[in-house]
Amino acid sequence: MSKLLIKRLLQGVLVVFVLQTITFFLVRLLPGNPFLGERKLPEHVMAQLNNLYGLDQSAWVQYWNYWKGILFHGDFGPSLVREGVQVSDIIAQSFPVSLWLGVLGMSVAVLVGIPAGMLAAWWRNRAPDAFIMMFAMAGICIPAFVVAPVFGLTLGMHVPGLSVAGWDDPLCAVLPALTLGLINAAYIARLTRGGMAEVLSSDFIRTARAKGVGAGRLLFVHALRSGLLPAVSYLGPAFAALITGSFVVETCFQVPGMGLHFVNATTDRDYFLIQGLVFCYGVLIVLANLVVDLVLVALNPQLRSQGAA
Amino acid sequence: MLGALMASCGDGRSSAERAAEEGILLLGNNQEPLSLDPHKATSVADGKIITSLLEGLVRPDAQDETKVHAGMAERWERNEDASVWTFYLRDAVWSDGRPVTSRDFAYAWQRLLHPEFAGKYAEMLYGLKNAEQYNRGECAWEAVGVQTPDERTLRVELKGPMPHLLQVMLHFTWCPVPAHAVEAHGGMLDRRSAWTRRENWVGNGAYVLDGHRFNDYLSVVANTRYWRAAEVKNRGIRFLPIVNGYTETRMFLDGKLHISNNVPPELLAVMKKRVPEEYCQDPYYCTIFYRLNTTRAPLNDVRVRRALSLAVDRESLVQKVVRGAGRAAYSFTPPGAGYTPPEQPEAQSTRESREAEAKRLLAEAGYADGKGFPTLELMTTSRDVQRVMAETVQAMWKNVLGVHVEIRSCEWTAYKAAQQNMDYDISSSSWSGDYLDPATFVELWSGGGGNNCTGWSHAECDAALDAAQAAATAEARREHLRRAEQVMMEGRPVIPLYWSERTYLKSPMVSGWYPLILDNHPLDAVEVRNGEKR
C-alpha cells in the first residue's frame, strides 16, 4: 500500500511539473499580452511594463525565474492585470468559495445519484429504471447555462429565502449547489446503474439470492461494493473539477469562485494567474485520483494484490 | 451561520429594501475593478469607484454635465487664452487627517507621467506643457508645467489653450493621491504598491474603502472627514461586479440591486413592459462603428469604403439588433457638449437612394454588382450583440452590393491585438468619450494617433486638429474639430453605425440620479430610501 502511495505521489509531482511547463509556453503563444488595453499603449509604456515584469526576457529565463519564485520563495508571482495583487491572494480568496460550493454540489450529486442508480439497477429494464434514466439523460443533455437561469427564475424568484444570484447570505449557495449537484448526479446515476446492473446479474448474487439473502443485504452488502467502482472512479476527477469552480454556474449565480478567474485570466492573458490556477487544479486532480485509487483498492481486494505485486 | 441564515430569510424584505433602510446604495458595476489606483486603472468600472474615493480639483454636477463645481480647488483663475491656470486649494484633509496640499496633486501627476512608472493612461495628462516629453524620458520633471508656489496653490501651464480643461480634469487620472501613504507603501514608482488595499487606504473623496472580495463586491462608506460630509446623501455604496446582463437583470428583479448597469437587448421589450417605472434608457457618449483597414485593397479605394458605408441600413440595425437602444449615426462624434457633428448628405436621403449611390460607387471602383470583389473578413469580438450585428451587416452588403464578407469572431485579447496591429480588413469597434468634449472622439483620427488603427490620415485633418489645439475659445475649437471630422468623414476610414444608449434598471427607492451622457454620476448625490418603511 505504501509503495503504491509513493509511486502515485512521484507520478503526481511529474504530472504537475509537465502541466506547468506546457501551460507556461502555451499561454505565451496566444496572441496579445496582458497589458493590451482597449486603447493602444504608447510603445515606450508597453516596453517599460514588459521590463518591469520581466516579460522582455527570453522565455527560458522567465521559465527559470518562475520556478525559482515558487521553489525558493513560495511566490506564484503577481497578477499582471490586477497589478498590486498577488496570484496567491486571488486563489486564497476564491478557492474557499469554490471548495464550499463543490462540497455541497458533490453531496447533492452523491446523495441523489447513487440511490437513483441503485434503484434503476434493481428494477432494470422496467418502468422505474426508464423513468430514472430519462431524468439522468436530461441531466446530462441540458447544459448548465440553461439549468442555472431556469432555477434562478423559478426557485430563486419564488421560494422565500432562496436567491437568484449573489453571495451575500448562506442560502445563496443552494441553487448553484443544486445546479452543479444535479448535473453530476445524472452521470453518477448512470455509472452506478451500469456497475450495479452488471454485479446484480453475476453468479455470486444469484447464489446469494438462492440462499435466501434479503433484498437489502443483497444490495448494500454484496452488490454495492463492486457495483460502485465505476462511479467512484468518476467521483475523484469530478470532485476536483467541482471544487475549482465552474465558470457558467459562477456567472449565472454571481458566485465569487475560482471558475471566473480561470476563464478571465485566460482571456486577459494574466500569465501568472493562469499558471497559479492550473497548478492548483493540477495538484487537486492528482490528489483526487490518489484518493480514488486508495478507495478502489479498499473496495476491490483484487486490486490490492495487484498493487502489492 | 445559523443566525445569519435566520436573519436573511426571517423578515421577508429584499436585500435592496434592507440596504435602503441602512442608507446603502447597491450598484451594478459591470466588471471587477482592475485597480483602485488612479494611475493604474483604465476601465469605466474602475473610474466609478475611484471618483467616489478621490476628489480632484473640480467635481461633476449631478444633473448637468456641462457644469463643474469646485472640488479640492476652492477657486481658480486662468489667463486670457486658457493656457495657464492657477488653482487655490480649500482647507481639506485626507481620510487620515493629513491636509490635502498642492504637492499631492503635483506628486500624483508626476507619478502618472514618470517614464519609469509606465502609466497606461498617462496620455490623459499630455495637455500639460512638456508632459509628453517627460513621459518619454526626454526632459526633467521641472520642465513640466506644474508648479506649487505654496501648499495651497497649484499653477498649471498647458502646451496650448485648453478652454475645456475643467471638463478634462473630471477624469479620474487628474485626482490627487496621498503622497505620504504612497511613499509609506513602496514609493512613487512601485506598481505593486499596497497603498490601495483596504487596511492602507487613504483618500479625500466622499467615501473611504470598506471591503472588497474579487468578483463579489467592493464596498465604500461615507468619509467623515470629507469636506462636504454633511451633504453626502447615503451612508455607503456596494459596487457589484456583475458581468452577465441576464444575471444582473434577474438580481434587480429579485430585489438585490438598486441600479443595474446593463439590460441586454433581448430583454429590453420585456423590461419595458414588466417594469416600465424602473426601466431607463439614456443617451451615452459612445459610438459603435466599423474600422476599415485602408492599407489593404480594395479598402484603399475611398469609393469602396463609401459604398460599404452607404449600403448599411442603420435604422434597421438600431431597431432589430439593439432593439431601439441607440440612434442611427451618419457621422462619428455623438452630438453633445455644444457640438453638432458635420451633417452627411446620406443622413437626409432615403434608403433606396443611398443603396443606388452605393451601387454606383462600387461599379465606379470596378466591382459592378460585386463582381471581382475579393472576400473580406469582418472581425468582431465574441459578444453576442456584435456577432448578430455583423451577420446583419453581412446580409445587407450581400443583398445591396453583391459583396461577400466572412465573419471572424475573436476572443477579447486576440481581437485587441489584431486591431492594434492592423491585422484585419474590417473591425467591429466602439469608442466612448473620456470627457465631455468632441476632441475625445475627433483626435482619434490624427495621423500619428495610436488609436487610429485604420492606416488613414489626411494633412487637412491634422491641420484642423492642430488649429483646434491652438484655439483660445470654445467656439473656435468646435469649428476646427468639426472641420477635422468632415475631412475624416469624406475619407471614410470608418463606417459609423449608431450612437449607443445605456439601458438599465433603477429602483423607485433611488433619487438624485439623472440621465448623464458620460455616465459619470457623482454618487454622493444619489439618495436611496425605502418608501414603504419611511
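I looked up the area buried between chain A and chain B (accessible area, 1.4 Å probe, lost on putting the two parts together and summed over both) and found about 4,800 Å², of which carbon and sulfur atoms give 54%. Arg39(A), Lys40(A) and Gln254(A) supply 16% of what chain A buries against chain B, more than any other three residues.

This is a predicted model, in which local features need pLDDT of at least 70 and side-chain atom pairs pLDDT 80 or more, while totals for chains, interfaces and linings use all residues. Residues are numbered from 1 along each chain as written, chains are lettered from A in the order written, and side-chain values use heavy atoms, without hydrogens and water.

I next took contacts (heavy atoms within 4.5 Å): 54 residues of chain A meet 55 residues of chain B.

I then searched the interface for salt bridges (a side-chain nitrogen of Lys or Arg within 4 Å of a carboxyl oxygen of Asp or Glu), and the rule finds 5. One that I inspected joins Lys256(B) to Asp168(A), with the closest N and O atoms 2.9 Å apart. On the side of chain A that touches chain B, H2(A) gives the most, with 5 residues; helices here are DSSP runs (H or I, at least four residues), numbered from the N terminus.

Finally I turned to Val18(A), which lies in helix H1 (residues 2–29) of chain A. I noted Val18(A) as partly exposed because its relative accessibility is 38%, between the limits for buried (under 20%) and exposed (over 50%).

Key. Helix = DSSP H or I, 4+ residues; strand = E, 2+ residues; numbered from the N terminus. Buried < 20%, exposed > 50% of the residue type's maximum accessible area, 1.4 Å probe, protein only.
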